[in-house]
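Biologist: I am new to this structure. Could you take me through it in short steps?

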Amino acid sequence: LQDFWSHAGGYGARIVVFATSAGDEPLAKQYCTLFRNLQCDSTQALTVMDRPSAASQELQQLVAACTGFLIPAAPSAVDSICAGAGNRQQASAGWCR
C-alpha cells in the first residue's frame, strides 16, 4: 500500500478507490481511510457496478484527474468494468500515472 501511495504521488496523490459491488463498499472506504492516514492530497471511494456507470462522463473525468486508482475486486469484475469504460489496458487491481 505504501508503494502504491508513493507511485501515485505520495503527499500529492489523488487516489480513487472503486467498489464493484455493494459488498465492496466498506473495503473501499477502509482503503480511503488508510490513504488519508498516509496524507495523500485526496481520496475518494466510488461504487461502479456496471458498464454504463463506468462509461459515464463524470467517472471518466475523475479517472483522468486522479494520479492512481485501486480496485479491490476480483480480476473478472475489474476487466468487465474497465472494458466498459474503454480502458481495457488498465484492467488491473491498481494503476498509477
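Biologist: Are Phe 18 and Phe 69 buried or exposed?
Modeller: This is a predicted model. A residue counts as buried under 20% relative accessible area. Both Phe 18 and Phe 69 are buried.

Biologist: How many aromatic pairs does a search of the whole structure find?
Modeller: A pair of aromatic rings is described by the distance of the centres and the angle of the planes. Searching the whole structure for such pairs gives a count of 3.

Biologist: How do the rings of Trp 5 and Tyr 11 pair: stacked or edge-to-face?
Modeller: Their centres are 5.1 Å apart. Their planes stand at 90°. Planes over 60 degrees apart count as edge-to-face. So the pair of Trp 5 and Tyr 11 is edge-to-face.

Biologist: What is the angle between the planes of Phe 18 and Phe 69?
Modeller: These two form an aromatic pair, 5.8 Å centre to centre. The pair is edge-to-face. The angle between the planes is 80°.

Biologist: How far apart in sequence are the parts that Phe 18 and Phe 69 tie together?
Modeller: Phe 18 lies in strand E1. Phe 69 lies in strand E3. So the pair ties together parts whose separation in sequence is 51 residues.

Biologist: Which elements give two or more residues to the largest nonpolar core?
Modeller: That core has 12 residues in all, including Trp 5, Ile 15, Phe 35 and Leu 70. The elements that give two or more are helix H1 (2–7), strand E1 (14–19) and helix H2 (25–37).

Biologist: How many residues are in the other core, which includes Val 16 and Phe 69?
Modeller: This core lies apart from the largest one. Leu 46 and Val 63 are also among its members. Its residues number 10.

Biologist: Which residue has its backbone oxygen 2.5 Å from a polar atom of the side chain of Thr 67?
Modeller: Thr 67 is in the loop between helix H4 (57–65) and strand E3 (68–70). At 11% relative accessibility, Thr 67 counts as buried. The backbone oxygen in question belongs to Ala 8.

Biologist: In what order do the elements run from the N terminus on?
Modeller: The protein has 5 helices and 4 strands. From the N terminus on, the order is α-β-α-β-α-α-β-α-β.

How values were computed: Residues numbered from 1 in each chain as written. Predicted model: local features only at pLDDT ≥ 70, side-chain atom pairs only at ≥ 80, totals over all residues. Heavy atoms only, no water. Buried < 20%, exposed > 50% of the residue type's maximum accessible area, 1.4 Å probe, protein only. Polar contact = N/O pair within 3.5 Å; in protein donor to acceptor, adjacent residues only side chain to side chain. Core = buried A, V, L, I, M, F, W, Y, C linked by side-chain atoms within 4.5 Å. Phe/Tyr/Trp six-rings, centres within 6.5 Å; stacked < 30°, edge-to-face > 60°.
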